[in-house]
Amino acid sequence: MTAEKTLLRFITCGSVDDGKSSLLGRLLVETGSAYEDELANCGGDLSRLVDGLEAEREQGITIDVAYRFFATETRKFIVADAPGHEQYTRNLVTGASTADLALVLVDARKGVLTQTRRHTYLCKLLGVSRIVLLVNKMDLVGFDEAVFERIVEDYGAVAEDFVAIPVSAFSGDNVGVRSNAMAWYRGSTVIEHLEAVEPVEDQSAAAPFRMPVQFVTRHGQDFRGFAGMIAAGTVRPGDAVRVMPAATPAIVARIVLGEADLPEAVAGQSVTLVFDREVDCSRGDTIAAADAPPEVADQFEATLIWMDEEPLMTGRQYRLKLGTQSALATVQPPKHEVNVNSLEDVPAKTLQLNGIGVADLWTDVPLVFAPYSEGRQLGGFILIDRVTNETVGAGLINYALRRSNNIHAQVLDVTREARAALKRQTPRLLWFTGLSGAGKSTIANLVEKKLHAMGRHSFLLDGDNVRLGLNRDLGFSDADRAENIRRVGETAKLMLDAGLIVLAAFISPFRAERRTVREMVPEGEFVEIFIDAPLAEAEARDPKGLYAKARGGLIPNFTGIGSPYEPPEAPEIRIDTVRTSPEEAADQIVRFLLEQA
């Protein structure tokens, strides 16, 4: 009887033109077999093979890294080919998030480069404990042992524990067969090493049971199951579980795979669980062992890997995906960034493309999690821009912040509805947005005067006035603008709870921040009012002389000149200030409020 071949997942990485494609081609030639049966063994579910940090998206499975499948007589291999270009660091993150081993290639003529250091650091950060340094293109340096030894010594500053092999992927030296030209090297060939190395021991089977729910299945009146891939542990019929984060207790009645019932299921299997009774459970929940439930929190310290050309916008809300869970996350300014050349922690206010740093973040709902060091499935997340829907970053949870579990919402006897009823009005947040000089403050002030004359209770938050106190510490960078609007939104939310009609006059140039404020308050209470004035018109008015200063280079990042303004796409009210006087605009807004009351 032929023993079943073991499976090893590894990743090839390194700088541009270090020879990764040539190495993969040589591996396929030397083994003489590219296999596809592993895919069939997974029932056609490729995500089970290459489920990286960015595999789970609302649109389905997105795979942004090239995978190759090949085999020797004793082992099967899945290899992720990560491009060396800096803009494709996300591919490296995806591939390394499931790898047991990394082959890091270095061109013998160039030595250790910045991208070599970055890829090595990321591999270690993502839990790849086995590193193999392949000094490639040795034929182009005359197979010189001294060159090899010098590169190995340089690489020792990047990784402490690694295996080094001198190779020529083009000619095959030390890939599949030993090189006569490098008789001074007495170690294993690449294929011999890949065959001999033991895969990292999978600790997930021995861990407490965890299964994120991917979807709910129904068949007729009697069958309601919860499908997902088991992230850790073992489950059997009769086991007591809890549905997290609510901690709802249940008993597993059945474990279903296809048409069959299983006596047990273990980590790595995709199954459907059926409970002994009706339980509130849906996508995004996690089914866990009742006696060892996972942690739940909404504030974390995390290591972030930034993947977007636009820098991290601290204070902005991003969509966070952690397994099957989804939340809105606000990232705080980084505590530090990692210099990939020196591996030192350096101060940082944000993260640029390929930046790696540590920052606190909070989410709008509690998340079931585990530190990444304890489990990739519940510890690794991605961040998605809410406007472009592009993945902009990946994160690894380090731990939950203590205050996450020590601060709880206080239930108040006097409700927001009671306060509004006392004032005999419906709370509204009138959000005036537009270019500087468009007329936001002028029109908002007229609206409040009319509301006051009608006996309404209101308060006007004006951009300049708020920056004289609450937001005095903020500048005008994109990140500071985002934080400015976040704070104003939180302040307005408290005022709405007090039953007030709140008027907020802010340039608020970015759609993402306006959308964030809209989602802070109950549906229907946010009224976006676009005070629309063309840039030329606003600049011609220039009541504060700001445009002239911006044109003269005295005010950097001024909206409309050095920083963009993103006009609303579907505001509740649009005021054309070229055709409409401030008094007419105020009357139009008040009529809208009365009609909506």
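Colleague: How many helices and strands does the protein chain have?
Modeller: The secondary structure comes to 15 helices and 31 strands. Helices (H or I, at least four residues) and strands (E, at least two) are DSSP runs, numbered from the N terminus. This is a predicted model, where local features need pLDDT of at least 70, side-chain atom pairs count only at pLDDT 80 or more, and totals for chains, interfaces and linings use all residues. Residues are numbered from 1 along each chain as its sequence is written, and side-chain values use heavy atoms, with hydrogens and water left out.

Colleague: OK, and what does the C-alpha trace span?
Modeller: Along its principal axes, about 95 × 70 × 40 Å.

Colleague: What share of the residues is buried?
Modeller: Of the 597 residues in the protein chain, 52% are buried. Buried means under 20% relative accessible area, exposed means over 50%, and partly exposed is in between (1.4 Å probe, protein chains only).

Colleague: What about strand 27, is it enclosed or open?
Modeller: Strand 27 is largely enclosed by the rest of the structure, because 6 of its 6 residues are buried. Arg428, Leu430 and Phe432 point one way, while Leu429, Trp431 and Thr433 point the other way.

Colleague: How many bridges does strand 27 make with strand 29?
Modeller: The two pair in the parallel sense over 5 bridges, and Trp431 stands opposite Ala504 in strand 29. Strand 27 also pairs with strand 30 in the parallel sense, over 5 bridges. There, Thr433 stands opposite Phe530.

Colleague: Where is Gly455?
Modeller: Gly455 is in the loop between helix 9 and strand 28. Gly455 counts as partly exposed because its relative accessibility is 46%. The C-alpha atoms of Gly455 and Arg424 are separated by 9.6 Å, and these residues are 31 apart along the chain.

Colleague: Switching to helix 3, how many of its residues are buried?
Modeller: In helix 3 (residues 89–96), 8 of the 8 residues are buried. The cover includes strand 1 (6–14), helix 4 (114–125) and strand 19 (295–306), among others.

Colleague: Last topic: which residues form an aromatic cluster?
Modeller: Phe10, Phe70 and Phe77 form one. Rings of Phe, Tyr and Trp (its six-membered ring) pair if their centres lie within 6.5 Å; planes under 30 degrees apart count as stacked, over 60 as edge-to-face and the rest as tilted.

Colleague: And what lies over the face of Phe476?
Modeller: That's Arg467, at 4.0 Å from the ring centre. A charge sits over a ring if NZ of Lys or CZ of Arg is within 6 Å of the ring centre and within 35 degrees of the ring normal.

Technical notes: Contact = heavy atoms within 4.5 Å. Pairing = 2+ DSSP bridges.
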